[in-house]
Structure formats: C-alpha cells, structure tokens
Amino acid sequence: MSTPGPGPADTGGGPADTPVPPTCFRHPGRETYVSCVRCGRPACPDCLRSAAVGQQCVECVRAGHQGGRPVSGMFGGRGGSRAAVVTWTLVALNILLYLVEWIRPGLANDMEMLGLGRFSEHGPLVGVATGQWYRLITSAFLPPPGVSNLGPLDIIFNMWALIVVGPPLERTLGPVRYLTVYLVSAVGGSVIYYYLAPVSQPALGASGAIFGLLGAWFVVARRLRVDSRWLVAIVVLNLGFDLLLRSQIAWQAHVGGLLAGGLLTAAFVYAPRRQRVLLQAGAAVALVGVMAVAVAIRSHDIHQQLGF
C-alpha cells in the first residue's frame, strides 16, 4: 500500500489534503476498497457476489447469466468464459506425452532438463550447455519415466493441481496471460535448476510450472484481498516435502517456478489499466530476457570449468 505524499501548502494552517476513499459505483455514499474482478469498479459488500477468484459485482453476474458479451476483468481476462481451454489443453498434452513416453522411453533423454552430460561412455555431449536451450521448456511436459522417482505420482499430483488452480486463474488473467505465466514459470524453474543442481543430473516434470501457478494465485489473491492462508499452507507443506525427498525431487525447479510465476503475475495484476497491455507485455519480455542472459552466463561458466 502506497503512502500518500504531502498535500499542497495550506495557508490557513489546517491539515494537508487527504485522498478521498473510493465509493461503491451503485451506492456513492458507501466507502469501499474492494473491486469487481471483471469490470474493476469499486463496489460495496451488498453489490458483490463470490466468484472462483475474488468477487464480481451484481451487474457483471447478471450479464453473465444473460449470456451477454464477457466483460474484461481487472487484469485483462474474460471473467465470463468458463471453458478454460488452455488448462485442459495443457492437461491433455501432458497426459499424451506421458503415454508416448511409456511407448518410447528414449523420449525422456531428448526432452529432459540436463545441464551437460553423455548417455553413453563415448557418446556426444548433450544438454543446455551445448546449445540445447529447448530442454528448458520441453522438460516441463514429461514426468519422470516409469514407476521409479515418483513417476505416476508426479503427473497425478501435477495434473490435479493444474485442474484445481488453472481454470479460475485462466478466467482471471485471460488465456494469453495465463499461458505466458505457465510457460515462463516452467522456464524459470529450469533456469534455477540449471544453476543449483549438479550439471549432469537430469530432471523432468511440470512441477516448476505448477508452482508458478501457485505463486500467481497468491499474487492475485493478495491483489483482490482474498484470503490466501490456505494457499500459503499448501506451498509451505510442499516445500517441506521437497526437503524430505530432495534426492528424488527437483526442488530447485519448484523454487524457480514459484518465483517466476509470482513475479510475472505481479507485473500483470499491478499494471495500470491505461497502459496495461504494453506494461504486461514488456514485463514478460524483460523477464524472459533476464532468464536468457542467466542461461548464457551459466553455460559460459560451465565451458570455462570443464574446458571445452
């Protein structure tokens, strides 16, 4: 919350001007600091109805029930859309690739996050350090193979979390912003893993992207003044679980995804409405650029250390 600056000088010796609090758009005499997640107008408790994320004003709820054109939300999303096309496409893609992985186990070697390594004693060097940057994102679409390393549990938990968190977040942010948060979180998780994990240790799974969505949900909840204690408890519990099974879980990707998703979503939801699209796009490009530079620096360091 920003602190109001000093008001203009008062020659009469009275107090400085204070900002006028917002009032309900339907009841001008009622002060309120809560806004509709669809139209962004301030509204009092009597004029708000609970939604999947935050609250909607009665007019937006009525428009949705009447099948009217969806109203743009506070952050550019379409609050009236309930299809969640991006979420279900991501779920289907993850499950499809998991089934393909069972048929062709070698797919994991081609897509996994790997800093630098060989798959045979005299085989060629592969990994992000050799220029295979695509592994930063492809690794997020496959779980660990087989029944070891929590393979089935990994995809079951991740897809369950995606189904629970994804649709309301997609409706709030809009499909393009939502997909951007998902992909940037996946890459952010891989970048932190690239720095903190052993360079020859591979990793697979959508957990970095899922933690990014959890970070995004937390930021949205804080922006809308919605209770987020349950979410904090889930994140803390999962991070504690990571520490207990740190030899089997890529906790570095979880932390990286959480940070990337939270940072990008903060830029999305706190951008001023007037220049919202420009600032949101600029924030996404800037964050991707920072991660690209970080990967280049890490690759250079690996080259220097290993002398190739």
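Leaving aside neighbours within four places in sequence, proline 21 is in contact with Glu31 and Tyr33, where contact means heavy atoms within 4.5 Å. The model is predicted, with local features needing pLDDT of at least 70 and side-chain atom pairs counting only at pLDDT 80 or more, while totals for chains, interfaces and linings use all residues. Residues are numbered from 1 along each chain as its sequence is written, and side-chain values use heavy atoms, with hydrogens and water left out.

Staying with proline 21, its place is in the segment before strand 1 (48-50). Proline 21 and tyrosine 33 sit twelve residues apart in sequence, and their C-alpha atoms are 7.7 Å apart in space. With a relative accessible area of 22%, proline 21 is partly exposed; buried means under 20% relative accessible area, exposed over 50%, and partly exposed in between, using a 1.4 Å probe and protein chains only.

Now for the whole chain. The protein chain has ten helices and two strands; helices (H or I, at least four residues) and strands (E, at least two) are DSSP runs, numbered from the N terminus. Read along the sequence, the pattern is β-β-α-α-α-α-α-α-α-α-α-α. Of the 308 residues in the protein chain, 44% are buried. Among contacts with a separation of 6 or more, 65% come from residues 24 or more positions apart.

How are two packed helices described? Axes here are lines fitted to C-alpha atoms, for helices over the stretch in contact, and angles run from 0 to 180 degrees between N-to-C directions. Helix 6 (residues 175-196) and helix 7 (residues 207-223) pack at about 125°, with axes 7 Å apart. That makes helix 6 and helix 7 oblique to each other, given that angles under 35 degrees count as roughly parallel, over 145 as roughly antiparallel, 65 to 115 as roughly perpendicular and the rest as oblique. Their crossing is right-handed; a crossing is left-handed if the near helix is turned anticlockwise from the far one by less than a right angle, and right-handed if clockwise. Helix 6 brings Tyr178, Val181, Tyr182, Ser185 and Ala186 to the contact, and helix 7 brings Gly208, Ala209, Ile210, Gly212, Leu213 and Ala216. By class, these residues are eight nonpolar, three polar and no charged (Ala, Val, Leu, Ile, Met, Phe, Trp, Tyr, Cys and Pro count as nonpolar, Asp, Glu, Lys and Arg as charged, and the others, Gly among them, as polar).

Helix 6 also meets helix 10 (residues 276-306), with axes that come within 10 Å and cross at roughly 20°. Helix 6 and helix 10 are therefore roughly parallel to each other, and their crossing is left-handed. Residues of helix 6 in this contact include Arg177, Val184 and Tyr195, while those of helix 10 include Gln280, Leu287 and Ile302. The contact of helix 6 with helix 10 has 14 nonpolar, four polar and two charged residues. Alanine 296 also lies in helix 10 and is partly exposed at 37%.

What about disulfides, pairs of cysteine sulfur atoms within 2.5 Å? The count comes to zero. The sulfur of cysteine 24 is 3.7 Å from its closest cysteine sulfur, in cysteine 44, which is too far for a bond. For cysteine 44, the closest is in cysteine 47, at 3.6 Å, again too far. Cysteine 24 counts as buried at 2% relative accessibility, and cysteine 44 is buried at 2% too.

Technical notes: A disulfide is a pair of cysteine sulfur atoms within 2.5 Å.
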